[in-house]
Amino acid sequence: MALKLADYKTEVHNDWCPGCGDFGILNSIQMALADMQVPPHNTAIFSGVGCSGKTPHFIKTYGIHTLHGRVLPFAQGAKLANPDLEVLAVGGDGDGLGIGAGHFVSAGRRNVDMVYIIFNNAVYGLTKGQASPTLKLGVKTKSLPQPNVNNSVNPIALALVSGFTFLARGYSYDIKHLKDIIKKAVAHKGLAFVDVLQPCPTYNDINTKEWFSGQDNLDPETKKVMPRLYKLEETGYDGIVNDPSEVNEKMAKVVEKSNEWGSKIPIGVFYQNEHIPTYQERISARIPNYIQNSPAGQKIADETGRSITNIERLVNDLRLDR
Amino acid sequence: MSEIINSLSWVIGGAQGSGVDSAANIFSRACALGGLHIYGKREYYSNIKGEHSYFTVRVSEKPVRCHVETINVLVSFDAETVLRHFDEVSEGGCIIYNEELLDTTLDEIPTIDDYGSARIKKTLQKAGLGFSVKDALQYAQSRGAVLYSLPYFQLLEEFAQKTNNPALSKLTRMTNVMALSSSMSLLGFDADALAKAIRFIFRAKKSAAETNVQAAEFMYNYTAAKFSGQDGFRYRLKTKPVDKEIVIAQGNQASAMGKMVAGCRFQTYYPITPASDDSEFLESNEILDLHGSDEKGSTVVVQTEDEIAAITMAIGGALTGSRSATATSGPGFSLMAEALGWAGMNEVPLVVSLYQRAGPATGLPTRHEQGDLNFAINAGHGEFPRIVFASGDIEESFYDTIKAFNFADRYQLPVIHMLDKAIANSVMTLPVFDPGRVKIERGLLAGKISESDKGVAGNYLRFRLSDNPVSPRIPLGTKDAIFWNTGDEHTEEGHITEDPELRTQMMDKRMGKLDLALKEIADEDKAVMYGDKDADIALIGWGSTKGVILDAIEELKKDGIKVKFIQVRLMNPFPSETVSSLLGNSRILVDIEMNYQGQLGSLVRQHVGRQYDHQVVKYNGRPMSLDEVYNAVKRISAGNAPRRQVLKNGS
C-alpha cells in the first residue's frame, strides 16, 4: 500500500506564526518523503532548537528534537550506529551556523550519508528577532536596537569548503522546487546540505516574501517587477562533478554563485560530488561487516545474558603463564 | 646487613620520550613473569619530549596496591633523575647513574623549574654540598645508598663493536633498557625472564626486540662482572612460580575491555589526557571475536570535533539501541553538561567514563585528583536522574564498566563512571578478568511494542506513565513504534508540553528511577567495607585511594591499630542506609580524599547526617603514598592529629 502525504503528518498543533516560511519547508519535507515512499519507521528526523526545532513533532517519523546547535552530532551518531536509518537533520541558521558552526564544519569532513536542511531567515525568531549569522552587515531588521554589526556567513560556501558533497538552496514559498531539491538531497550518496531561504513574517521585515518576489526590484526601463530568485538549472548551470578532475572548476563556480545576493539570488543545486567516500564507506574499509552488523544491529549477549564478546586474545596478552 | 628479598620500590626516570615507560613496562612484566606482584605508577608532565617523567614500581610477593615514599633502586641515565630523586633513596638501596654526567649541575637543567631547583638546593646546601650530580650522589651515599656508575656512551660503543653494528653506538634510546638491565643484574633477577619481557614489550618490532635483548644481556653481564654484590646493596629479586590466575594489566585498558564485554559498540571521544587511551585501545581493537560464531563484532570509535559532539553523538548512537559511551576528563566533561541533561530528560542510556585529573580549568593536565565528584553529581541545569559510580582500582574498573552499562539500560539514564589518572596510568598484577561474572542486563529494551504501550492516538508511548518509572524503550528504526524526543518537557508520546500536571508527573517518573535504582542495586555496588568491622576508627573514601588505604590498613594492623575502611562506590543516588550501617558504632570517622574540600565528606554529612571527625586530603596532583596514609591514620589513632591533615608529598 502506497504511503500518502497524510501518513507523514501528525496531529500536533502547529504554533508557528501565520505566514511563517517554516510551513513551506515542513510541507516540502513531507512531500519529498511521500514521493520517495520512505518508510516512516525507518526515518529519523533530528532538529536543533528554535521554531524550526519543532519540525519533527509535525512529521510522523521518528523525531528527535535535540539541543541548540547540536543537531548534527546527534544525527550523525544515530546514522553511524544504525546506517540503515534514513536520517534528516533540520535546524535554524543560528542553530547551525552560529552556536553549531563547529559541528557544521566537522560534519563536512566526515561526509556521513544524510541530509541537513537549514531554515534560513536571518533572525533568531523564537528569542524575538536578534540577528543571526546569515543577516547581512548593516541591515536593521525590526527588533534590532542597532543595525547588524556582523558580516554574514555564506552557508553554501562554508559547506563547500567544509566538505559537504551536495549543496543546494531552496525557497520556502516554492514548495515544488524545494521538494525536488530535498528528494535529490535524500538520494545523494554523502552529506547533503540544503539552505532554505525563508521569510520570518514577525521579525525579518527586510527579507520578506514581497522582497524575495521583487516587489521593490523594478526593471529600470519597463518598471516591471523582477523576482530576486532565479533557478540555477534554468541558466544552464551544472554543479555536478562528473569526474574528479572537474572539482576545482566546479568549486570555484559554487563560490561565485553563492556570493550572488541583492537583486539576483540563485536557488537550485550548486554542487554534487559523489566521488568522495562517505563516512560509512570509510568505516567499512576497516570493519568489513559494518553495514550488515552495525552497532545497533549487533547481538551482544546470549539468551542467558552472558556476553558473547570474546576478549581472550587481549587477555592472553596480559597473561604470564605462557 | 641482611638481604631484603622480593620487597622493594624501584624507580626509573628520564626525559619524556626517552623510553622510561618501555623500561618500566619491561621491569614490571619481568617481575610478574617471575611470579611477583607489582604495582606501578607513571608520573609525567604535560609535554611531549624533554620534561622529566618517572615510573615507580613496587614489587612484593603479596599483592601491592600503591606506591611508597622511599626508593630502593633508582635507575637513571640522565642527570635530572638523580637530582630530583637522590634524597628519596633508602639506606641499603642504590642509584644507577651515568658517570659521564657527574659534573652536570642543577643550573644546567632547564627542565627543573625555579621552585623545584630551590628545594633541591636547600637540601644539598643543608648537607654542605654543591649542586652537581656528584654532590647529589654523595648525599645519597652518606645516607647509606650504594652508587653504581655506568659509562653508558662508552658501553654503547663497546656494544656496537661487539655486535658489529656501528650504528648502534648512536642509539642513545637504548640506554633505558641498558640501565634497566643493570638493575636486574644487581638485583640478581632471572635474565631469561628479563629477555622474555623485553621481547614481549617490543613484540611489534622483532628486530628492535632482539637488539634490545642483546643490549640487555651485554649490560647484565657487564654489571655482574663489575660489581661484587657485597657492597651493602641489600635488595634482591628471586623468581617464584607464576600463578596462572594472575595477569598484569594497565588501568587504561581495563575499562575499555569492560566496554567490549559489555557490548558497547559505539564510542565517541575528543582527545584529552588521561582519557584518550580508553578510546584508542577500543579503536586499536575495533574488530571483536565472538563466542560461538565465526562472525566478528566491532566497535565504531569516532573522534569528534569537541566533547559536546562526543556526548551528543554518543546519545544519537544510544537512541538506535547500541550500547554507547564517551570517555573524557574534567575539561571535556564540563562541556558535556547540557547534553547530559538531555539524556536525562529523554531517558537515554549512556555511559560517560570520566577519567579525573587535577582541575580546575586545564589544572595539572597529567596529574591526579578526585576533584570532580560534586560536579559529576550536579553537572547540568535543572534536575534529572543520573547514576554516578566510582571504581577503586583496575580490577574493579573492568567489572564496573559492564555494570555501568547495565545501570544505564535498566534505569534509562546517563551513568557517569568515575575513574582517574591514578587508575589510568598505573599497572598492576591482579586476578584474571572473568568476562562471565557480570551478566548483560538491558532492562526494558524491546524489539517491538505491545498494544498496551500505545496511547489513544495509536502512537507508542515512549514515556508511558505507570507504577514503574521505567517505561519500555524502543530503538530508532523499529517498526510501528514511532516516538518523539525533545529537550522540552514532553508528553508520553514525546511531544512538547507545558502542562503543569504532566510536568509534575514526568518529573516524578524520571526522578523516581533513582529510588528504584537505590532499591535494586546490590549492596556490594553501593559501598564496601574492609578491615575490622568493630574498629573504632572508620576511614571513608572513594575511587583510587582504595589501594593505598587497604595497604595502610595492613601496616597499621601490624602496629595493633584496628581500622575499617568504607569504600563508597555508588556516589549518586547516595546509598545512605548502606553507608550508615557500615559505619556502625565507629567512634572516629576519617574522610580520606584526593581533593581540597573533602567532597565525599560533605556527601556523608548531607545524606547520613554524620560529620567526619578527621579529614585527610591531598591536592598537589600526586597520589597518596602508603607512608602518608599510614602516618596520617596513626596520628589520628594516637590522638594527636589535627582535624584536617593535608598531604603534600610526591615529586
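Which residue is the bridge partner of W10(B) in β5(B)? That partner is V73(B). This is a predicted model, in which local features need pLDDT of at least 70 and side-chain atom pairs count only at pLDDT 80 or more, while totals for chains, interfaces and linings use all residues. Residues are numbered from 1 along each chain as its sequence is written, and chains are lettered from A and ligands numbered from 1 in the order in which they are written.

**Terms for elements and pairing**

- Helices (H or I, at least four residues) and strands (E, at least two) are DSSP runs, numbered from the N terminus.
- Two strands pair if DSSP finds at least two bridges between them.
- Strands of a sheet pair through backbone hydrogen bonds, either parallel or antiparallel.

**Strand β2 of chain B**

- β2(B) spans residues 7-15, and seven of its nine residues are buried, so the strand is largely enclosed by the rest of the structure.
- A buried residue has 20 or more other C-beta atoms within 10 Å of its own; an exposed one has 12 or fewer, and a partly exposed one falls in between, with C-beta atoms placed from the backbone.
- Antiparallel to β2(B) runs β4(B), residues 52-60, joined to it by nine bridges.
- S9(B) has R58(B) as its bridge partner in β4(B).
- Parallel to β2(B) runs β5(B), residues 71-75, with three bridges between them.

**Contact between chains A and B**

- Chain A contributes 56 residues and chain B 71.
- Contact means that the C-beta atoms of two residues, placed from the backbone, lie within 7 Å.
- On the chain A side, β2 (62-65), α2 (71-81), α4 (101-110), α9 (279-286), β11 (309-310) and α10 (312-318) each supply at least two residues.
- α2(A) gives the largest share of that side, eight residues.
- By class, the chain A side has 27 nonpolar, 20 polar and nine charged residues.
- Nonpolar here covers Ala, Val, Leu, Ile, Met, Phe, Trp, Tyr, Cys and Pro; charged covers Asp, Glu, Lys and Arg; the others, Gly among them, are polar.

- Three strands form an open antiparallel sheet in the order β11(A)-β11(B)-β12(B).
- β11(A) and β12(B) (297-298) stand at the edges with a single partner strand each, so one side of each lacks a neighbour in the sheet.
- Two bridges link β11(A) to β11(B), residues 287-290, in antiparallel fashion.
- N310(A) lies opposite D289(B) in β11(B).
- β11(B) and β12(B) are also antiparallel, over two bridges.
- L288(B) has G297(B) as its bridge partner in β12(B).

- The axes of α2(A) and α11(B), residues 307-319, come within 6 Å and cross at roughly 45 degrees.
- Axes are lines fitted to C-alpha atoms, for helices over the stretch in contact, and angles run from 0 to 180 degrees between N-to-C directions.
- α2(A) and α11(B) are therefore oblique to each other.
- Angles under 35 degrees count as roughly parallel, over 145 as roughly antiparallel, 65 to 115 as roughly perpendicular and the rest as oblique.
- The crossing of α2(A) and α11(B) is right-handed.
- The contact of α2(A) with α11(B) holds 11 nonpolar, five polar and no charged residues.
- A crossing is right-handed if the near helix is turned clockwise from the far one by less than a right angle, and left-handed if anticlockwise.

**Helix α5 of chain A**

- α5(A) covers residues 155-162, with P155(A), I156(A), L158(A), A159(A) and L160(A) buried.
- Just after α5(A), G163(A) has a positive phi of about 115 degrees.
- α5(A) packs on α8(A), residues 247-258, at about 160 degrees, with axes 8 Å apart.
- That angle makes the two helices, α5(A) and α8(A), roughly antiparallel.
- The crossing of α5(A) and α8(A) is left-handed.
- I156(A), A157(A) and L160(A) of α5(A) meet M251(A), V254(A), V255(A) and S258(A) of α8(A).
- This contact of α5(A) with α8(A) has six nonpolar, one polar and no charged residues.

**Six-stranded sheet of chain B**

- The open sheet runs β20-β22-β21-β24-β25-β26 in chain B, with mixed pairing.
- β20 (527-531) and β26 (644-647) of chain B are the edge strands, each pairing on one side only.
- Neighbouring strands are turned by 20 degrees against each other on average, direction ignored.
- β21(B), residues 537-542, and β24(B), residues 588-593, run parallel and share four bridges.
- A538(B) stands opposite L589(B) in β24(B).
- Helix α20(B), residues 599-608, packs on this sheet and touches β21, β22 (563-568), β24 and β25 (614-618) of chain B.
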